Structures are given as C-alpha cells and as structure tokens.
Amino acid sequence: MVMVNVLLSGRLQLDGYGHGKPINPDGTISLGLDDGSTVREVIKKMGVPADRVALTMVNGCQCPAGGSVKPDDRVILIP
C-alpha cells in the first residue's frame, strides 16, 4: 500500500471533495492507494470528477494524470 498526501485546491476543496476523510495538520488528506497507482487513481479515490481537475502536481512539479505516485508524495489537484 502507498500512502500519499493530497491537497485539494480552490473550488475542489470548497465544493466538499474529500469531505469525511482525515485531514493532516498541514491541510492535506492522507490517502491509501495500491502499489503502482497513478495520479488518475488519486483523483478517482478522492471522488473528484476528472473533468474538474485542470492541473496536477506531485511534490511541487507538474505531473500528468498518468504519472505514478510513491509513498509520502504530496499530490495537489487544481481545478
């Protein structure tokens, strides 16, 4: 299992995506994924419609939705 930290930016957070998931002190949400998961799986597991995400970043760098995630990565979803 891979644990990543997800930050929902702007409207995604305001619209309530991720509601009910535990929030870390830094405002991110801890999310458990299968090994070999991608940013696309992060989006899906967070319950965000793919067409609502305009930009994805992993550890501060722009990353395509097909990019893989590793343990402790910080994934930012931007509307």
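In the predicted model, D26 and R74 form a salt bridge in which the closest N and O atoms are 3.4 Å apart. D26 lies in the loop between helix 1 and strand 2, whereas R74 belongs to strand 5 (residues 74–78), so this pair ties together parts that are 48 residues apart in sequence. Both partners are partly exposed: the relative accessible area is 46% for D26 and 31% for R74. With buried defined as under 20% and exposed as over 50%, the value of 46% places D26 in the intermediate class, and the value of 31% does likewise for R74.

R74 also takes part in the pairing of strands. Strand 1 (residues 2–8) pairs with strand 5 in the parallel sense, over four bridges. Within strand 5, R74 is the bridge partner of N5.

The search of the whole structure finds three salt bridges. The side chains of R52 and D15 meet in a salt bridge with an N to O distance of 2.7 Å. R52 is located in the loop between helix 2 (39–45) and strand 3 (55–58), and D15 in the loop between helix 1 (11–14) and strand 2 (29–33); the pair therefore ties together parts that are 37 residues apart in sequence. R52 has a relative accessible area of 27% and is partly exposed.

D15 forms a further salt bridge with R11, for which the closest N and O atoms are 2.7 Å apart. R11 counts as partly exposed, at 47% relative accessibility, and D15 falls in the partly exposed class at 35%. Side chains of opposite charge can pair when their charged atoms come close.

Through salt bridges that share partners, R11, D15 and R52 are joined into one network.

Technical notes:
Residues numbered from 1 in each chain as written. Predicted model: local features only at pLDDT ≥ 70, side-chain atom pairs only at ≥ 80, totals over all residues. Heavy atoms only, no water. Salt bridge = Lys/Arg side-chain N within 4 Å of Asp/Glu carboxyl O. Buried < 20%, exposed > 50% of the residue type's maximum accessible area, 1.4 Å probe, protein only. Helix = DSSP H or I, 4+ residues; strand = E, 2+ residues; numbered from the N terminus. Pairing = 2+ DSSP bridges.
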